[in-house]
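Colleague: Hi, I'm new to this one. Could you walk me through it?
Modeller: Happy to, here it comes.

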Amino acid sequence: MHATLRAEVRDALIDAMLDHGRGLDVAPAEWLQVAARRDDARPRLGPVDADVETSESIRVRGADLTDFLGGKITREEAIKRIDVKMF
């Protein structure tokens, strides 16, 4: 996946987590986590490219989500606290 497209997907997932996390009632010690996996149109029997990052895990702590939704921290601060891992 092209790097800019990957960043756009990651940003859209983060926005969705922050914008729609209110009804999920994530406890302060819990995490809201989403994952995205790359799905290229490569032949199924083709070699695996081990150098390509294929998945992302994005998570926000319930306490940080509650603080954002309650207006205690800004959107920018909430985004800084989100944990993004690529593997």
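Colleague: Which residue in β2 is the bridge partner of A36?
Modeller: E56 is the partner of A36. Keep in mind that this is a predicted model, where local features need pLDDT of at least 70, side-chain atom pairs count only at pLDDT 80 or more, and totals for chains, interfaces and linings use all residues. Residues are numbered from 1 along each chain as its sequence is written, and side-chain values use heavy atoms, with hydrogens and water left out.

Colleague: How many bridges join β1 to β2?
Modeller: Seven, and β1 (residues 31–37) runs antiparallel to β2. Strands here are DSSP runs of E, at least two residues, and helices are runs of H or I, at least four, numbered from the N terminus. Two strands pair if DSSP finds at least two bridges between them.

Colleague: And what joins β2 to β3?
Modeller: Four bridges, again antiparallel, with β3 spanning residues 83–86. There, S57 stands opposite K85.

Colleague: Is β2 mostly covered or exposed?
Modeller: Mostly covered: five of the seven residues in β2 (residues 55–61) are buried, meaning under 20% relative accessible area with a 1.4 Å probe, protein chains only.

Colleague: What does I58 touch?
Modeller: Its contacts (heavy atoms within 4.5 Å) include R10, L32 and V84, leaving aside residues up to four places away in sequence.

Colleague: New topic: what lies over the face of W31?
Modeller: R59, at 3.7 Å from the ring centre. The rule asks for NZ of Lys or CZ of Arg within 6 Å of the ring centre and within 35 degrees of the ring normal.

Conventions. Buried means under 20% relative accessible area, exposed over 50%, partly exposed in between (1.4 Å probe, protein chains only).
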